[in-house]
Amino acid sequence: MRRDGRIRDYPEAITVEEVIDETPTVRTLIFSDDIMSSSMPGQFAMVWVPGAFELPMSIMTATGRGRAAFTVRRHGDASTALYNIRRGESIAVRGPYGNSFDVRRGRLLLVGGGTGLVPLMRLVTHTNPDDDITILMGARTADEVFFDELASDLLSARRGAGSGNRDDQGSSHSTGDYNCGAGDYNYGTGSEAPLRGRVIVTTDDGTRGKKGRVTDILDAIVDCSAGGKFDAIYTCGPEVMMYKIVQTASRHGIFVQASLERMMKCGVGICGSCAAGPDIVCKDGTIFDGRHLLANPEFGFTYRDKSGIPTSW
Amino acid sequence: MRLDGPVVLASGILGISLDVFRRLHRSGAGAVVTKSLSKSPWTGYANPTVIGLDNGGWLNAVGLSNPGAQNFADMIRPNREIPIIVSLVGSTAAEFEYMIDKFDECAVVAYELNMSCPHVAKVGLEVGDDPALVREIVGAAKQASGDSAPVLVKVGLGSSNYLDTVGAAIDGGADAITAINTIRSMAIDAELQRPVLSNRFGGLSGAPIKPIALRCVYEIASRFGDIPIMGCGGISNWKDAVEFILAGASAVQIGSVLGEEDVDIFGRINTGITEYMERKGIDRLQDMVGHAQRR
């Protein structure tokens, strides 16, 4: 424990209290941990599955005081080991590590792919009710869409009761043409000022929301002038996707931040395995400004493998 | 040996990207020691590989992951500005010769032979514990490097007397000694009832080992007199650094402290040493090396 007790470097055992199946390959594990619960959006923890592996996980929001969560897609050995943890079983957690999003005010665009949505969900909880938030989420197919309802709920919860506006059923948005009708931005109930926010879903195969990738409709969303220019864009997901988003944002002169993923071992900036150009991702990041990233020759192109050899994405 | 300052980045810490080296150098690092490089790339151990301990120490068994001597030489070949000390790890004299040849066209200010890593079989401490092998490897490394760069030997606390290792290294022609490496240790989690590191055993570093490292530097300086020493082990601030210099170190290396502070720690320690020297009326750093040895 150091820095006023806000960071725990020793992996402390916690019990998983609840497991939610998000999709056939994605689960959310909820637990109680005051330190993790008060982490900032974009921070991560090193999560150890006893007897298996330790891996970096973005800290997910969870309802209930002192609670936090991890949302994991089973993919490699380590993530599958975590995915297979059941309610009542123990994992050990250290952190939180890394910096956090610079949460601006105004009109914000959040773009996530897969479990890259995790830090963006926590980010939503740090926005103001009068911020106008568009959440753009991509998945391979309808079965793999998750956090769409949660995203709507979080948008609504910014001011008590209210209903999310899920824009994934086709209608006027089923084609590649992006309709920027201002009406989409208003929802909410009662006499309170209308809450402003929306959730847009894309799937590669078109089984849900708009067909294609988030980057296919990004230009249309950013170009849309109905709601005014975006004040900031935040993204987390596959690096090639983030590279395109950062480029689009900078072309439009919009502040953008992306969360990088690299091979991590220590999480505290000593082992060097997460180096990307001059950046030590676990400590300087994982969140970086777009302008900084575009000057980093490795962003969008290479990462280092377990032995430290630069490898193409 | 060219050093741009007395505070050097220790091996195993951040030593993987030339751009990061540049940043550390700008922050005041007098030189950087690379991760220990092996003949071919190593992936290291599975996580958990590094954890913090409640006593302020750090425990690691990264397993010497590194891209291999050839890949690393290719990466640092363009460098001329940053003093880079290349750390090498291996089991035989031939391996060390092979690796040093790979750095033929690189500006290397020194080689540091890792004879003290406490958690990988057949290398590190297992070599350091065999004085005859130490002498042979150091001799071969000196021959391979020729006049191009001095050879340092990094020692640690193994199962034999580390002073015998130092003696063997000097016999073999070592130009300087780095002391000490991490100390073989482990952590067991009471709740989960198992070792935390995937390798079970690792190396302890950080503040808890400082008094031990300081003792070793003092002992080496008093036993071997004029051999230059790089002091290493739990140095977190300028005062720690000064203590190592007073014990007999000509320069110091820092590592674990970077887990708690930003890279500007190099500059802060430099400034602290300078202010200390001004306060004590010491003109040159070398004038205080080993000063605590006097009776």
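Predicted model: local features only at pLDDT ≥ 70, side-chain atom pairs only at ≥ 80, totals over all residues.

Reader: Where does B:K122 sit, and what is its phi?

Author: Most residues other than glycine have a negative phi, and most peptide bonds are trans. B:K122, although not a glycine, has a positive phi of about 70 degrees, and its place is the loop between β6 and α4 (125-128) of chain B. Such element names refer to DSSP runs numbered from the N terminus, helices being H or I with at least four residues and strands being E with at least two. A:F147 also has a positive phi of about 70 degrees without being a glycine, and it lies in the loop between β9 (132-139) and α4 (148-157) of chain A. A:F147 counts as buried because its relative accessibility is 5%.

Reader: Which residues does a cis peptide bond join in chain B?

Author: One such bond joins B:N47 and B:P48, with omega about 0 degrees, and B:P48 lies in the loop between β2 and β3 of chain B. Another cis peptide bond joins B:A179 and B:I180, with omega about 5 degrees, and B:I180 is found in the loop between β8 and β9 (183-186) of that chain.

Reader: How should I read a strand, and which residues of β5(B) lie on each side?

Author: In a regular strand the side chains alternate between the two faces of the sheet. In β5 (residues 84-88) of chain B, five of the five residues are buried. B:I84, B:V86 and B:L88 lie on one side and B:I85 and B:S87 on the other, and both faces are covered.

Reader: Which strands does β5(B) pair with?

Author: Two strands pair if DSSP finds at least two bridges between them. β5(B) pairs in the parallel sense with β2 (residues 31-33) of chain B over two bridges, and B:V32 stands opposite B:I84. Five bridges join β5(B) to β6 (residues 108-114) of chain B, again running parallel, and B:S87 has B:E112 as its bridge partner there. From β5(B) the chain crosses through helix α3 (residues 93-102) of chain B to β6(B) in a right-handed β-α-β crossover, a term used if, with the strands pointing away from the viewer, the path from the first strand over the helix to the second runs clockwise.

Reader: In what order do the eight strands close into a barrel?

Author: The order in chain B is β1-β2-β5-β6-β7-β8-β13-β14, with parallel pairing. Within this order, β7 (residues 151-155) and β8 (residues 176-179) pair over four bridges, and B:L152 has B:A176 as its bridge partner.

Reader: How is the meeting of two chains described, and how many residues does each chain bring to the contact?

Author: The size of an interface is often given as the accessible area lost when the parts come together. Here contact means heavy atoms within 4.5 Å, and the contact takes 43 residues from chain B and 37 residues from chain A. The area buried between the two chains (accessible area lost on being put together, 1.4 Å probe, summed over both) is about 3,100 Å², of which carbon and sulfur atoms give 61%. In chain B, the residues that lose the most area to chain A are B:I16, B:N47 and B:L192, together 18% of what that side buries.

Reader: Which side chains meet in a salt bridge between the chains?

Author: A salt bridge is a side-chain nitrogen of Lys or Arg within 4 Å of a carboxyl oxygen of Asp or Glu. The count between chain B and chain A is one, and the side chains of B:R23 and A:D284 meet in a salt bridge at 2.6 Å, N to O.

Definitions and conventions:
Residues numbered from 1 in each chain as written. Chains lettered and ligands numbered in written order. Heavy atoms only, no water. Buried < 20%, exposed > 50% of the residue type's maximum accessible area, 1.4 Å probe, protein only.
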